[in-house]
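Please open the structure in a viewer and keep the selection panel at hand.

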Amino acid sequence: MDAAAQGNVRIEIKAGEYRQVVAITANGVELRGLGKRPEDVVLVYDNSAASAGGTGRSGTVTVTGDDFHAENLTIAMT
């Protein structure tokens, strides 16, 4: 995500469970899951407000760029 250029970038994600924090700062980023169902591509992390330093920092995915789009994937917290 950090290497995404500004504007009209599609990132295709293969089926699987990805356990990491994702921060999207670029504009025009699209995340597209390549599974058959949204449940086939899962972005998940187990931050809590206490462990991350506040509720605003505990999300699995944080988006600050404009024109963000996500399709056919699941964003979850455990």
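The stops below give a selection and then describe what is found there.

**The whole chain**

Begin with the entire chain in cartoon view, bearing in mind that this is a predicted model. The chain contains 1 helix and 8 strands. Orient the view along the principal axes: the C-alpha atoms occupy a box of roughly 35 × 30 × 15 Å. Among contacts between residues at least 6 apart in sequence, 61% join residues at least 24 apart.

**The surface**

**The nonpolar core**

Of the 78 residues, 28% count as buried. Which residues make up the largest nonpolar core? Select Ile13, Val22, Ile24, Ala26, Val29, Leu31, Val41, Leu43, Val61 and Leu73, 10 residues in all. Two or more of these residues come from each of the strands β3 (22-24), β4 (29-33) and β5 (41-45). In soluble globular proteins, nonpolar side chains tend to be buried together.

Now centre the view on Val61, a member of this core. Apart from neighbours within four places in sequence, Val61 is in contact with Val22, Ile24, Leu43 and Ile75.

Most residues other than glycine have a negative phi.

Select Asp67 in the loop between β6 (61-63) and β7 (69-71). Asp67 has a positive phi of about 60° although it is not a glycine. Is Asp67 buried or exposed? Its relative accessibility is 67%, so Asp67 counts as exposed, the cut-off being over 50%.

Continue to Asn72, which is placed in the loop between β7 and β8 (74-77). Asn72 likewise is a residue other than glycine with a positive phi, near 60°. With a relative accessible area of 23%, Asn72 is partly exposed, because buried means under 20% and exposed means over 50%.

Technical notes. Residues numbered from 1 in each chain as written. Predicted model: local features only at pLDDT ≥ 70, side-chain atom pairs only at ≥ 80, totals over all residues. Heavy atoms only, no water. Helix = DSSP H or I, 4+ residues; strand = E, 2+ residues; numbered from the N terminus. Buried < 20%, exposed > 50% of the residue type's maximum accessible area, 1.4 Å probe, protein only. Contact = heavy atoms within 4.5 Å. Core = buried A, V, L, I, M, F, W, Y, C linked by side-chain atoms within 4.5 Å.
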